[in-house]
Structure formats: C-alpha cells, structure tokens
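Take a look at the model below before reading on. We'll walk through it piece by piece, from strands to cores to single side chains.

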Amino acid sequence: MPTGVLLRAADGEPARAAAPGGDAGATGDSAKGKHDMGEHQANRTASDTGCGAGAPDSGRGTAPDSGHRAAAVKAGKYARVERERRFLLDRLPAPGAVTVARRITDRYVEGTRLRLRRVERLDTGECTYKLTQKVPVPPGEPGAVQGLITNLYLSEQEYARLRAALPGPELTKTRLSVPPLGVDVFEGPLLGLVLAEAEFETAEDAETFVPPPGCVAELTDDRHFTGGRLVRTDREELRDGLAGYGVALP
C-alpha cells in the first residue's frame, strides 16, 4: 500500500494514512459491455485497473498520462489538486473493518460548481459544515486527477443561511471509513449502490494502488458515478447503469 494514500478526516477532507498491513488485492469479476448511462465502450482492462472488468469510457480519455495531467492541473494558493480513484463494490465492508461512520448530505447548488455539505459523525453526533468548489479536469483527461478542489468551512448558522438561500438537489449517503478507503452507501433512489474511493498525494501513488476486495469495476473515468451526476440519477437509470457492470439492484 503506498504511503501517499490519503484517508478522509472527520469533515470529509483527506488526512495522511500510515500504510496498513494485510492484503487488499482480492477482486471480483463482472461482465464487460456498454454502459447504459454512457455512450462508449469499456476502456480499462483487468490488467490496468486491478479489477475484474474495465469501466466504460466517460469521455475523459483511454490511457493515463500523469505528466500531461500534472501540466494541465496545478494547485493554487487556495485550491489543491484532487487525485482520486473510485470503485464499484459488490458488498458492504465487514462491520469490524469500519473505524468511523458519517452521514453526509450534499446539496449541489444549481447552476454552479458549488457543493454545500453537512457531515454528521454517527457515534458522537458531531457535525461539520462546508462549502466546496470543484473545478473538473477538461473532457478527455484520463486517470486519477479529478481537478481542483477548494473548501470553505462554515458554522452551523452559516450553513443554515446558505442552505436556505442556495437551491439545488440533495444527495444523502453514509460514508464508512475503512482505511485507506471511504466507502459510500447510498440512500433513496440510489439504494443498493456502494462505492469506494481512495485519495492520493501523487500520480505514482494513484497508479500503483491495489483495488479493494469486492471490487467489481473501476469507475474513476466514469463521470456518471460522480456526485454531481448521481444527484440527478433516478432508479431506472441506476439500474441500467449498474447492469452494464454485471451488477443487479436488490
């Protein structure tokens, strides 16, 4: 496990993790094929993702090029580069592997790149609030670099005022911390969807990461499974989309 893998802290931000022992290399199998939520064929194989099947192309490209990505996306004074790999899981993590559980409510502010987030730690009730801007990489950019992310932390009162003033659809999920992963278990129309994410400091760390057990497919390059798209995905769209990975909703 690369030492540059990041964990998500209580507010959802990454924090450096020590490399745990143990083998995370077990993977699952899934069928290849066209993803009904997209329009392209699979562009990753078992050999280059570590999963049983490749993710359909989201329009971000077909092969990693870390040097090109580094030139295209650079951290600024307030924004950092977000490097993340995303995986579709066929099951929930074992309860004993979960260190912390948090309930997350995200509002995607209409007509903007802003996300208003409330995070509640389920064991203590402690809440964190923030306003996030995500600037995605240009279409055609492959790999773990998602773009630039900037966070502004809020008080409960500031959060309430912004939530009342800023319209947009909301997405609710439970995030289970399973170091070095954050496993998201979705609710509502997305019930049955389980995604795992890992964040990284460097492109090398991202490229050498071993996918988690129970990985059906890597979704890093499939934008249909980002929060901004999932918040507008209905049950039938999700069912069709998962069927492209050989996964059936319960």
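This is a predicted model: local features need pLDDT of at least 70, side-chain atom pairs count only at pLDDT 80 or more; totals for chains, interfaces and linings use all residues.

Let's start with strand β3, residues 80–89. Is β3 mostly buried or exposed? Nine of its 10 residues are buried, so the rest of the structure largely encloses this strand.

Which strands does β3 pair with? One is β7 (residues 145–154), which runs antiparallel to β3 and is joined to it by four bridges. Here you can find R80 sitting opposite I149 of β7. Another is β10 (residues 194–200), also antiparallel, this time with five bridges. In that pairing, E84 faces E199 of β10. Then there's β11, antiparallel to β3 with three bridges. Look for L89, whose bridge partner in β11 is C215.

Helix α6 covers residues 235–243. Which of its residues are buried? They are L238, G241 and L242. These residues span an arc of only 95° around the axis, which means they share one side of α6. There's a handy rule behind this: an α-helix has 3.6 residues a turn, so residues three or four places apart point the same way. And what do the buried residues of α6 pack against? The answer is β3.

At the N-terminal end of α6 you'll find a cap. D234 provides it, with a side-chain oxygen 3.2 Å from the backbone nitrogen of E236.

**Two nonpolar cores**

The largest nonpolar core has 18 residues, and the ones touching the most other members are L88, L193, L195, F225, L230 and L242. Both β11 (215–218) and α6 supply at least two residues each to this core. A separate core of 14 residues lies apart from it, and its members include L89, A144, V178 and V194.

Setting aside neighbours within four places in sequence, L193 is in contact with L88, D184, V185, F186, F225, L230, L238 and L242.

Next, move along to β4, β5 and β6. Strand β4 (residues 100–108) runs antiparallel to β5 (residues 114–121), with seven bridges between them. β5 in turn is joined by seven bridges to β6 (residues 127–136), again antiparallel.

|---|---|---|---|
| β4 and β5 | five residues | G111 | positive, about 75° |
| β5 and β6 | five residues | G125 | positive, about 80° |

Why point out the positive phi values? Most residues other than glycine have a negative phi.

**One arginine up close**

R103 sits in strand β4. How exposed is R103? Its relative accessible area is 32%, which makes it partly exposed, because that label covers the range between 20% and 50%. Beyond its neighbours within four places in sequence, R103 touches R118, V119, E120, L122, T172, K173, T174 and E187. With E187 the link is a polar contact between side chains, at 2.6 Å. R103 also shows how a chain folds back on itself in sequence terms: V185 is 82 residues away along the sequence, yet the C-alpha atoms of R103 and V185 are 9.6 Å apart in space.

**A cis bond to finish**

Last stop: P180, in the loop between β8 (170–178) and β9 (181–186). Is the peptide bond from P179 to P180 cis or trans? This bond is cis, with omega near 5°. That's worth a second look in the model, because most peptide bonds are trans.

Terms used: Residues are numbered from 1 along each chain as its sequence is written. Side-chain values use heavy atoms; hydrogens and water are left out. Buried means under 20% relative accessible area, exposed over 50%, partly exposed in between (1.4 Å probe, protein chains only). Contact means heavy atoms within 4.5 Å. A polar contact is a pair of N or O atoms within 3.5 Å; within protein, one must be able to donate a hydrogen and the other to accept it, and residues adjacent in sequence count only if both atoms are side-chain atoms. A nonpolar core is a set of buried Ala, Val, Leu, Ile, Met, Phe, Trp, Tyr and Cys residues joined through side-chain atoms within 4.5 Å. Two strands pair if DSSP finds at least two bridges between them. The arc is that of the directions from the helix axis to the C-beta atoms.
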